[in-house]
Amino acid sequence: MGTEADDFDEVLSRARSGDETAFLRLWDSLHPRLLRYLRVLGCPEADDVASETWLQAVRDLHRFDGGADEFRGWLFTIGRHRAVDASRARIRSRSRLLAAATAPAAAPRQVEDEVLDGLSTRQAVALVAGLSPDQAEVVALRVIAGLDTAEVARILGKSAGSVRVALHRGLRALSADPRLRALEEVDQ
Amino acid sequence: MSADRPDRPDLPDRPDLIEPADPGLDGLFRALTADGTASELAGRAAALEMFRASRGAPRRRARRGFAVSLSSAAAAVVLAGGIGAAYAAALPAPVQHIASRLLGSIGVPDTHRPPPSPGGPGSATPVPATPSAPATAVCPCPAVRPTAGTVPDLDLVAAQTRIPAGGQAVLSGWLAPGGRPEAGVRVRLVEHTAGRPGWRVAGTAVTDGRGDVSWPVRDVTSNASFRLMVAGGAVSSPVFITVVPPVTLGLTAGQQPGVATLTARAPSAQAGDVVVLQERARGVWYRLGERVLNQEHQASFTVLVPASGDVAYRVILPRTAAHGSSVSGPVRVGAARVTKGRRAPP
């Protein structure tokens, strides 16, 4: 019986060789969390940034070397870089965005979509996004991405100690947030 | 990760997190790490097209082709050069179905036909399927696996997607390659139970003359996904079944005058699941507190008995990865309703 790590190695190897099922397995397990991480970062075009992230990941898959944890760290690092790129592009095109503000608003989402979205997950993401930016990103990388402290520190360019402090403060703030209690009752 | 809470997030160095027993944070973690929602997974077909394009085309060309947004499956189908295939209905059935929905206005046909009604006449006699039966085979990942050339059009539906815990789910499938029902084909029903890795075969059946198969899957005690598979690798879209464990609230007199004990019972839930007690006031349900179900799947709350009138209580069993949410009927607590040593009618 293989371990989870063995299983991941096999899936990754198959994805590298073009196995679509293996790729979808990676995508299914990580794409939702990648989207949530990008939304915590306040990325308004999270879907597009996530698509760009996967595009780069697929393109560079042959260069990646590591296990499941490293792959998560690698993917979320790409996602962070693409989010920064998107943010810079937004600033550059601010005038165009201002002009676009007069355009008709996007169609409201359908009720069915709201229900299927899983309200509690969206609210949970919103709660984390409400933290200070450094705390929010640390919580997102630790909890949503499932990365360990050392990997989060590497991605953010901080010390492990400062990551732990930010995590501690972020979770304490979340724990004290009265809105947190409401999350459990969303699905009544 | 504790053994009795398999749905907690996988955090390799969890000890440096604060307040691990905080139920509010547990709930938050569950929500943040829950399985992907329908909208989060909506770009699956597009991602697959992107993967195909990236693998099949020269890298430089693929990069240029995907420099624009890939937020919609339509864009991916177009940019991957798949629009011709879409027009020709040559995409794998699930992808074709999505392409048709997105590009229907420009003429992409939909080959994904609706299945017949569940349990209709002519259904094949299946091998009985139960979620608890030993797996006869392990399927590491029965995700949509399109193949080149003709792909069987496989569909699977459930009569009800939300059923009582321990109840029966009726699943019906339809096999119609190219829209033509195919008889005499052995198909497998595979199941992924929440909290357990991988997929396993839950039953097999042979399609009847209309390409139909159906299964009564008995004793479903945990949330599960089902797919149909046929030899050659074609796989249907998943059907998600949510089980709803019943939860009841009973009233007994307390050990002291003026107090009463409310006992929540959820035999089909898991020990360690949380139940939330609510009180109704001015027409609104307010949260009073929560308890964890013990090994007998019970949890007790002590409440004050009002001197006059009565108060309505109910208990909620929030959803987990293993089951959907459930709510008890209301129980009224008042001086006239509580008699020491005797359980009052709910």
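In chain A, helix H9 (residues 149–156) and helix H10 (residues 160–175) have axes that come within 9 Å and cross at roughly 105°, where axes are lines fitted to C-alpha atoms, for helices over the stretch in contact, and angles run from 0 to 180 degrees between N-to-C directions. H9(A) is therefore roughly perpendicular to H10(A), a class that covers 65 to 115 degrees, with angles under 35 degrees counted as roughly parallel, those over 145 as roughly antiparallel and the rest as oblique. On the H9(A) side Thr149(A), Val152(A) and Ala153(A) meet Ala160(A), Val163(A) and Arg164(A) of H10(A), a contact being defined by heavy atoms within 4.5 Å. Helices (H or I, at least four residues) and strands (E, at least two) are DSSP runs, numbered from the N terminus.

The model is predicted, so that local features need pLDDT of at least 70 and side-chain atom pairs count only at pLDDT 80 or more, whereas totals for chains, interfaces and linings use all residues. Residues are numbered from 1 along each chain as its sequence is written, chains are lettered from A and ligands numbered from 1 in the order in which they are written, and side-chain values use heavy atoms, with hydrogens and water left out.

Two further helices of chain A were examined for length and burial. Helix H3 (residues 46–59) of chain A has 14 residues, which at 1.5 Å a residue should span 20 Å, in agreement with the 20 Å between its end C-alpha atoms; the expected span is 1.5 Å times one less than the number of residues. H3(A) is mostly covered, with 11 of its 14 residues buried, and these include Val49(A), Trp54(A), Leu55(A) and Arg59(A). Buried here means under 20% relative accessible area, exposed means over 50%, and partly exposed lies in between (1.4 Å probe, protein chains only). Helix H8 (residues 133–144) of chain A, with 12 residues, reaches 15 Å from its first C-alpha to its last, close to the 16 Å expected at 1.5 Å a residue. Because 10 of its 12 residues are buried, H8(A) is largely enclosed by the rest of the structure; among the buried residues are Glu137(A), Arg142(A) and Ile144(A). Just after H8(A), Gly146(A) adopts a positive phi of about 75°.

Chain B contains 6 helices and 17 strands, and buried residues make up 50% of its 346 residues. Of the contacts in chain B with a separation of 6 or more, 62% are between residues 24 or more positions apart. The chain exposes about 15,800 Å², of which carbon and sulfur atoms supply 55%, the areas coming from the Shrake-Rupley method with a 1.4 Å probe.

One open sheet of chain B is formed by 3 strands in the order S2-S4-S7, with antiparallel pairing; two strands pair if DSSP finds at least two bridges between them. Strand S2 (154–158) and strand S7 (212–220) of chain B stand at the edges with a single partner strand each, so one side of each is left without a neighbour in the sheet. Neighbouring strands of this sheet are turned by 20° against each other on average, direction ignored. S2(B) is joined by 5 bridges to the antiparallel strand S4 (residues 167–175) of chain B, and Leu154(B) stands opposite Leu175(B) in S4(B). Within strand S7 of chain B lies Asp219(B), which is not a glycine and yet has a positive phi of about 55°; at 41% relative accessibility, Asp219(B) counts as partly exposed. Most residues other than glycine have a negative phi.

A second open sheet of chain B consists of 3 strands in the order S10-S11-S14, again with antiparallel pairing. Its edge strands, strand S10 (248–253) and strand S14 (298–304) of chain B, each pair on one side only, and neighbouring strands are turned by 25° against each other on average, direction ignored. Strand S11 (residues 259–265) of chain B and S14(B) run antiparallel and are joined by 7 bridges, Thr302(B) in S14(B) being the bridge partner of Thr261(B). In the loop between strand S13 (284–292) and S14 of chain B is His297(B), a residue other than glycine with a positive phi near 65°; His297(B) is partly exposed, with a relative accessible area of 22%.
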